[in-house]
Amino acid sequence: MKMMRPETKAARNTNRSSLWKSNYVAYGLLLGSVFVLLYLMVSTQFSYSQKALLELDPSTVDSAKTILPKHGRNHPRQEDVRARIEEFNREEEVAKAHTEQRRQEKQGESEQQWAQKNSIEEQSGHEMKSDNWEEKNQSEKEETVEESKQFGGGTDDYNNVVDAKPICDTSFGKYDVCELDGDTRARGGPGATVTLVSPRAPPKEWEIKPYSRKYLDGLKAVTVRSVPNPENAPQCTTRLNIPAMVIELGGLTGNYWHDFTDVLVPLFIGARRFNGEIQLLVVNLLPFWVDRYKRIFGKISRHEIVDFENDDVVRCYPHVVLGYGSRKEFTIDPSLDETGGGYTMVDFTKFLRSAYSLPRHRPIKLGEVRPAGGHRRRPRMIILERTNSRKILNLAEVIAAAEAVGFKVIVAGRPRASYDAFTREMNSFDVMVGVHGAGLTNCVFLPTGGVLLQIVPYGRLEEIARTDFGNPARDMGLRYIEYSVAAEESSLMNVFGKEHPIIKDPAAVHMSGWGNVAEWYLAKQDVRINVERFKPSLLQALKQLQ
């Protein structure tokens, strides 16, 4: 084997030096490439920025030219970039300042309009002045026409109107509402139609059931259309210079609670903003039913109610609302319901007191000074008596217990006098007591600040009771108290015994379907109140009047 000679020290140093030199060259090339790439990227970015800046406003070109000479010329490319950055920042600050100034101006205008609107409402009890509704409506259109043009529509002519929002809102599962603003033609009869003539509205058609629960069977639809030309619409037989509202009766109308929940409250929501200057076109008109609530309808509209199904006239209006409803049961939520005036259930009860000329706006206040030479008045309590189901089997004991704590008690069943007289009687009470049912609807006539004490039958019905009456009562400004019947107080205990699922497991009954809940807990149950257990609720009602 050939032996290798040992490498000398000089040779080793020479090799190591060559290796380091090669590495320095490689690192240098790499860093140089990186710097070149970075320079190209930065140059390209600022070129695009300057191009975009100059395209925004031609005056920017002159500004850029005047800025550049102020700087030194030692590094022309760097100074050019710096100038462009500074100019871009200046333009951005100017744009921000302009935007903020415009925002403040709009906010000031909105606040001024709000203040003017509320000053009118304070003087007129949250009511619009009907004598100049058209004048105010027209001025509001003129104020908003420029803004609406930004969305591709809007004119100052009723015959040429386009809304920023769709004509018909069918997104809510409970009811549909259409608002037609402009030349609107309503033709009644079996195939009733409501047509908006507007050259800017795309031709479209909807089938709308103008009732507050559109999912019910047996309702009749009205065809809503938008057309560009008057030739495509029925010719006007008569033209009125007031708005109109198309609604439908029927459905669950006739049940006292549904009368208010499905018709009267939604009608207030949709029509109250017009303060009587609106005409009602009614599908499935029920004259006897309208006559019962004639004071409410007379307050909603001062104009003739039209039987729309049997109307052979083409009526033309500047504004038509079709359909009505409320997002929640038996109440108004101003954050969800478009009332046009921020109305609440307190406003609705005030409206009822005005319609029926009811005198009491607040209940008795315990502790007030006794009249000279007179006796201290006791608060009046009405107990609603049911005759079919959910009866109070020991009503006499409940009356005695209420009188013992200090109430003057009156028991009332179905009204036998006129409805007007009945509403005045309801308004005379401070506290209303009753088992869950339609009769509690009469709480709308109690004075604001009165008390509603709802007796909830056995069977986990508390949520239903609060939805139907508890939450609405609070929205009316009433004090709400709830008494839940125990299993031992229910007549179902005697029928089934404590081990039966109807007594032992109400949740399972609910899971089995609404039919069983309605049959057993509502239709076939009476209650026998434990007066000792009930007494704290009576005392609480008394305390609420102090």
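Me: Ground rule on burial: buried means under 20% relative accessible area, exposed over 50% and partly exposed in between, using a 1.4 Å probe and protein chains only. Going by that, is Cys236 buried, exposed or partly exposed?

Reply: Cys236 comes out as partly exposed, because its relative accessible area is 28%. Bear in mind that this is a predicted model, where local features need pLDDT of at least 70 and side-chain atom pairs count only at pLDDT 80 or more, while totals for chains, interfaces and linings use all residues. Residues are numbered from 1 along each chain as its sequence is written, and side-chain values use heavy atoms, with hydrogens and water left out.

Me: OK. What does Cys236 pair with?

Reply: Cys316, through a disulfide with an S to S distance of 1.9 Å. The cut-off for calling a disulfide is a pair of cysteine sulfur atoms within 2.5 Å. The torsion about the S-S bond of Cys236 and Cys316 is about -100 degrees, so this one is left-handed. It ties together distant parts of the chain, 80 residues apart: Cys236 is in the loop between S5 and strand S6 (238-239), and Cys316 is in strand S10 (residues 314-322). Helices (H or I, at least four residues) and strands (E, at least two) are DSSP runs numbered from the N terminus.

Me: And Cys316, buried or exposed?

Reply: Buried, because its relative accessibility is 0%.

Me: How many disulfides are there by this rule?

Reply: Two. The other one is between Cys168 and Cys178, with the sulfur atoms 2.1 Å apart. That link is right-handed, with 110 degrees about the S-S bond. Cys168 is in strand S1 (residues 168-169) and Cys178 is 10 residues away in strand S2 (residues 177-187). Both cysteines are buried. Counting bonded cysteines along the chain, the pattern is 1-2, 3-4.

Me: What about Cys443, buried or exposed?

Reply: Cys443 counts as buried, because its relative accessible area is 1%.

Me: Zooming out, how many helices and strands does the protein have?

Reply: 16 helices and 15 strands. Of its 546 residues, 44% count as buried. Taking contacts (heavy atoms within 4.5 Å) between residues at least 6 apart in sequence, 74% join residues at least 24 apart.

Me: Switching to Ser226, which strand is it in?

Reply: Strand S5 (residues 222-227). Ser226 is buried, because its relative accessible area is 2%. A polar atom of its side chain is 2.8 Å from the backbone oxygen of Pro202. Beyond its neighbours within four places in sequence, Ser226 is in contact with Ile167, Leu196, Ala201, Pro202, Pro203, Lys204 and Trp206.

Me: Last topic: how much space lies in the second largest pocket?

Reply: About 890 Å³. On a 1 Å grid over the protein atoms alone, where a 1.4 Å probe fits, a pocket is an open set of points with protein on both sides within 12 Å along at least five of seven lines, and lining residues have an atom within 4 Å of a point. Grid points are joined across faces, edges and corners, and the volume is the space filled by probe spheres set on them.

Me: Which residues lie nearest the centre of that pocket?

Reply: Asn255, Arg386, Gly437, Ala438 and Gly439, out of 30 lining residues. Helix H5 (256-271), strand S13 (431-435), helix H11 (462-475) and helix H15 (514-523) are the elements that give two or more residues to the lining. The lining divides into 13 nonpolar, 11 polar and six charged residues. Nonpolar here is Ala, Val, Leu, Ile, Met, Phe, Trp, Tyr, Cys and Pro, charged is Asp, Glu, Lys and Arg, and the others, Gly among them, are polar.

How values were computed: Polar contact = N/O pair within 3.5 Å; in protein donor to acceptor, adjacent residues only side chain to side chain.
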